[in-house]
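Thanks for asking me to look this model over. My notes follow as numbered points, meant to be read beside the structure.

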Amino acid sequence: MGEGGEDPQKLKKIAAAAYDYENDPRWADYWSNILIPPHMASRSDVVDHFKRKFYQKYIDPGLVVEPMTTSNSSQPARPSPAQPSSSSSSTTSNNQPRQRSSGSASRTSGTSSTPASNPTSLRWDRHTIQFSVNAWVFVVAVLAVFPLTPTILSNRAYRLSFLGTACSSLYSLYSLYGKPRAWNLQAVQVWLQSVIVTKDFIYFIYCLTFVTSHLYLKFALIPVACRALEHVAKFLRRNFSTSSLYRKYLEEACVWVESNITTLSILSSQAEIGLGFLLVVSLLSWQRNIIQTFMYWQLLKLMYHAPATAGYHQSAWAKIGRLVNPLVQRYAPFMNTPISTIQRWWFR
């Protein structure tokens, strides 16, 4: 009974540790938006810390999450300068070793403070690079869909938008997951299994699908523009919230974007599904590309099952099913057999 005051937090920590993060699509989205150095992302204590923060944000706000210290890796180097003081002769007075050890401790703390700041600077660099690329992608995407833009410039901006997003996604994958341990089939397969269901990998494949295509579907820029807008708004709110220019011109727009991320994700998922049907219709034109259409529908299938995008895509497909199924049953019952065959492939 004397430990009753500690029981609530202990139970909350146990519940947070036992929570099934892998099957929660919000965790994959949350983790993909955290940019930290690769050597820290591979540490279990760092991952556990962010899992507890995720649990506090989405599951139990009452959980107390202690701040993570980044100077643990520099602590073992501190006692080494103090060792000569312990091996000094016994004839020296007690005050001298204390002064020497305190001096060496101050020197050690001075030198250890420099490596401790490196992760912050590396993380800042990654955020800055991502912001720069995504801001450029958003401007180029707007230029591509602007009605008064010349056709040649619009088509060039169209491809550059996908190319920039592909580079941004690939850089994010490298920052979070590194590269394969070895360039052989087994190591690459292990690495792909860890990244294939992430949102960055999905957008990388999405952009490759359209940047290599001869079709210019401006509709395909909607998910790219929404992703870039989300990254830009988050960066501006985190780093320029005290700027007078930001508060005067950009704060309202950034607040709107961050409060409507779910709406942007729903819009992106609906645009991605609509693109699948547009590619099917394009098979009837002279610009048809059967391989691209097949690969894109494989990507749509991955989006339906991947935790990072499953929630939005499953909801959109459910609405399509509620709209189409009654029409099929009433006007085209002969379509039931091919539709059931496609569904078996889809859910496999």
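**Notes on the predicted model**

1. Please start with the part to treat with care: over residues 71-123 the pLDDT stays under 50, and the model has 18 contacts beyond four places in sequence for that stretch. Here pLDDT is the predictor's confidence in each residue, from 0 to 100, and contact means heavy atoms within 4.5 Å. Residues 1-5 also stay under 50, with one contact beyond four places in sequence. For the chain, the mean pLDDT is 81, and 81% of the residues reach 70 or more.

2. A word on ground rules. This is a predicted model, so local features need pLDDT of at least 70 and side-chain atom pairs count only at pLDDT 80 or more, while totals for chains, interfaces and linings use all residues. Residues are numbered from 1 along each chain as its sequence is written, and side-chain values use heavy atoms, leaving out hydrogens and water.

3. The overall make-up is 15 helices and zero strands. Helices (H or I, at least four residues) and strands (E, at least two) are DSSP runs, numbered from the N terminus. Of the 348 residues in the chain, 36% are buried; buried means under 20% relative accessible area, exposed over 50%, and partly exposed in between (1.4 Å probe, protein chains only). If you take contacts between residues at least 6 apart in sequence, 69% of them join residues at least 24 apart.

4. Which residues touch the most other members of the largest nonpolar core? They are Y158, F162, Y206, F210 and Y296, out of 32 residues in that core. A nonpolar core is a set of buried Ala, Val, Leu, Ile, Met, Phe, Trp, Tyr and Cys residues joined through side-chain atoms within 4.5 Å. Two or more residues each come from α6 (95-145), α7 (151-177), α9 (199-211), α10 (221-239), α12 (261-282), α13 (290-305) and α14 (307-331). A second, separate core has 16 residues, among them M40, A41, Y55 and V65.

5. Setting aside neighbours within four places in sequence, Y158 contacts A144, F210, L215, Y216, L217, K218, A220 and L221. N155, in helix α7, contacts Y216 and K218 once its neighbours within four places are set aside. N155 and A144 are eleven residues apart in sequence, and their C-alpha atoms are 6.6 Å apart.

6. Now look at α9. Eleven of its 13 residues are buried, so α9 is largely enclosed by the rest of the structure. The buried ones are K199, D200, F201, I202, Y203, F204, Y206, C207, T209, F210 and V211. At 1.5 Å a residue, the 13 residues of α9 should span 18 Å, and the end C-alpha atoms are 18 Å apart, which agrees; the expected span of a helix is 1.5 Å times one less than its number of residues.

7. T309 sits in helix α14 and is buried, with a relative accessible area of 9%. Beyond neighbours within four places in sequence, T309 contacts K199, I202 and M303. Leaving aside neighbours within four places, A310 contacts M303, Y304 and H305. A310 and V197 are 113 residues apart in sequence, with C-alpha atoms 9.9 Å apart.

8. The 16 residues of α11 (residues 244-259) should span 22 Å at 1.5 Å a residue, and the end C-alpha atoms are 21 Å apart, which agrees. Y246, C254 and V257 of α11 are buried, and what covers the buried residues includes α10 and α12.

9. Finally, the record. The unreviewed UniProt entry annotates residues 135-153 and 201-229 as "transmembrane region"; UniProt positions are given in the numbering used here, feature names are shortened, and annotations may be inferred rather than shown by experiment. In the model, residues 135-153 are 74% helix and 0% strand, with end C-alpha atoms 18 Å apart. Residues 201-229 are 69% helix and 0% strand, with end C-alpha atoms 18 Å apart.
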